Amino acid sequence: MTCAAARALVDADSVAPAEVRWRPSARTLIADVARARPAPAGVAWLATLVGLTR
């Protein structure tokens, strides 16, 4: 499930970045998927981009 969610987030960001980067439910999903170890590269990038990591 984590791989599918990660791919969906990265694909959605390429189509509608504002929706993925600012919608609270999308940000929650990014944070949840980014906690996976190891975090998928695309989601780690998104988490950093939207300020969910330090």
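**View 1. Buried residues of helix α3 pack against α1 (2–15), α2 (17–22) and α4 (41–49).** The model shown is predicted. Helix α3 covers residues 24–34, and its buried residues are A26, I30, A31, V33 and A34. An α-helix has 3.6 residues a turn, so residues three or four places apart point the same way.

**View 2. Helices α1 and α4 cross at roughly 55°.** Their axes come within 8 Å. With angles under 35 degrees counted as roughly parallel and 65 to 115 as roughly perpendicular, α1 and α4 are therefore oblique to each other. The crossing of α1 past α4 is left-handed. On the α1 side, the contact is made by A6, L9, V10 and D13, and on the α4 side by G42, V43, W45 and L46. Sorted by class, this contact of α1 with α4 holds six nonpolar residues, one polar residue and one charged residue.

**View 3. Helices α3 and α4 cross at roughly 130°.** The axes of α3 and α4 come within 9 Å. Angles over 145 degrees would count as roughly antiparallel and 65 to 115 as roughly perpendicular; α3 and α4 are therefore oblique to each other. Helix α3 passes α4 in a left-handed crossing. Residues I30, V33 and A34 of α3 meet V43, L46 and A47 of α4 in this contact. The contact of α3 with α4 has six nonpolar residues, with no polar and no charged ones.

**View 4. Residues V43 and L46 of α4 in two contacts.** V43 and L46 take part in the contact with α1, and V43 and L46 also take part in the contact with α3. From α3, the residues I30, V33 and A34 in the contact with α4 are among the buried residues of α3.

Technical notes. Residues numbered from 1 in each chain as written. Predicted model: local features only at pLDDT ≥ 70, side-chain atom pairs only at ≥ 80, totals over all residues. Heavy atoms only, no water. Buried < 20%, exposed > 50% of the residue type's maximum accessible area, 1.4 Å probe, protein only. Helix = DSSP H or I, 4+ residues; strand = E, 2+ residues; numbered from the N terminus. Contact = heavy atoms within 4.5 Å. Axes fitted to C-alpha atoms, helices over the stretch in contact; angles between N-to-C directions. Left-handed = near helix turned anticlockwise from the far one by under 90°. Nonpolar A, V, L, I, M, F, W, Y, C, P; charged D, E, K, R; others polar.
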